[in-house]
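Please prepare a briefing on the predicted model shown below, grouped by topic and with the cut-offs behind each term.

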Amino acid sequence: MKFFIDTANLNEIKEAYDLGVLDGVTTNPSLMAKEGITGTENIRAHYKAICKIVDDNVSAEVISTDFDNIIKEGRELAKIDDKIVVKVPMIKDGVKAIKKFSSDGIKTNCTLVFSAGQAILAAKAGATYMSPFIGRLDDVGQDGMELIAQIVNIYNNYGFETQILAASIRHTIHLLQCAELGADVVTCPLNVITGLLKHPLTDAGLAKFLADYKKGNG
Ligand code: E4P
């Protein structure tokens, strides 16, 4: 199972990378805006900076929504670094562009997936990754995890190579449920990754061990 961090914040990316368990990064235009990164050149420089921190898999999202411009923009993004994965929205021209990128050997992440039908299209087009948004489905009263289960089943039925990148993860339970269902990747905020570390019995046990050591050793 791969862990990606869902942020454009360099300190958070570095912290997750230093933990030794990070396999990649996903960003989106909202996350870039949150860090105050604006303008094509600054955005590209920021992707370059992210690529310097991690070993692989940096999703960079296109803004274009028509085929020709998605291809143009995606190729520019892919040129930044071999680690770049071009993130393309699940729309008609996006699917066509994913197919083209796939034939050209450019890695893609099909984003904004909210149904199993969309997941099938992404796999048929040859997406490297396909991102179903769990939290946003939960937000509108649909069970995001049911979608993950459905897609895992369908992809297994046909041996689709597209990796299921569970996105819009809000808490550690989401992450654990994705692991149980067999999602290939989870992308989540730093606090969800570090949240896995926490257990009160670990803290209590460590405090007792250290106290007992101190009693015997001064
Ligand atoms: C991932 O690629 C998406 O950018 C992200 O997970 C969306 O998460 P959100 O629904 O918390 O904004």
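I5 stands opposite V25 in strand 2, and in strand 8 the bridge partner of I5 is C188. Strands, like helices, are DSSP runs numbered from the N terminus (E, at least two residues, for strands; H or I, at least four, for helices). This is a predicted model, in which local features need pLDDT of at least 70 and side-chain atom pairs count only at pLDDT 80 or more, whereas totals for chains, interfaces and linings use all residues. Residues are numbered from 1 along each chain as its sequence is written.

**Strands and barrel**

- Strand 1 and strand 2 pair in the parallel sense over 3 bridges, where two strands count as paired if DSSP finds at least two bridges between them.
- Strand 1 (residues 2–6) also runs parallel to strand 8 (residues 185–188), to which 4 bridges join it.
- Strand 2 (residues 24–26) is paired with strand 3 (residues 58–61) in the parallel sense over 2 bridges, and the bridge partner of T26 in strand 3 is S59.
- A closed barrel of 8 strands is formed in the order 1-2-3-4-5-6-7-8, with parallel pairing.
- Neighbouring strands of this sheet are turned by 30° against each other on average, direction ignored.

**Helix 8 and its surroundings**

- The axes of helix 8 (residues 144–158) and helix 9 (residues 172–181) come within 10 Å and cross at roughly 20°; axes are lines fitted to C-alpha atoms, for helices over the stretch in contact, and angles run from 0 to 180 degrees between N-to-C directions.
- That crossing makes helix 8 roughly parallel to helix 9, a term for angles under 35 degrees, with over 145 counted as roughly antiparallel, 65 to 115 as roughly perpendicular and the rest as oblique.
- M145, I148, A149 and V152 of helix 8 make the contact with Q177, C178 and L181 of helix 9, contact being defined by C-beta atoms, placed from the backbone, that lie within 7 Å.
- The residues of this contact of helix 8 with helix 9 divide into 6 nonpolar, 1 polar and no charged, where Ala, Val, Leu, Ile, Met, Phe, Trp, Tyr, Cys and Pro count as nonpolar, Asp, Glu, Lys and Arg as charged, and the others, Gly among them, as polar.
- Helix 8 also lies across strand 6 (129–132) and strand 7 (163–166), running at about 175° to strand 7.

**Ligand shell**

- The ligand is surrounded by D6, T26, N28, T111, S131, F133, G135, R136, A167, S168 and T187, a residue being near a molecule if its C-beta atom, placed from the backbone, lies within 6 Å of it.
- The residues of the shell around the ligand divide into 2 nonpolar, 7 polar and 2 charged.

Note on methods:
Two residues are in contact if their C-beta atoms, placed from the backbone, lie within 7 Å.
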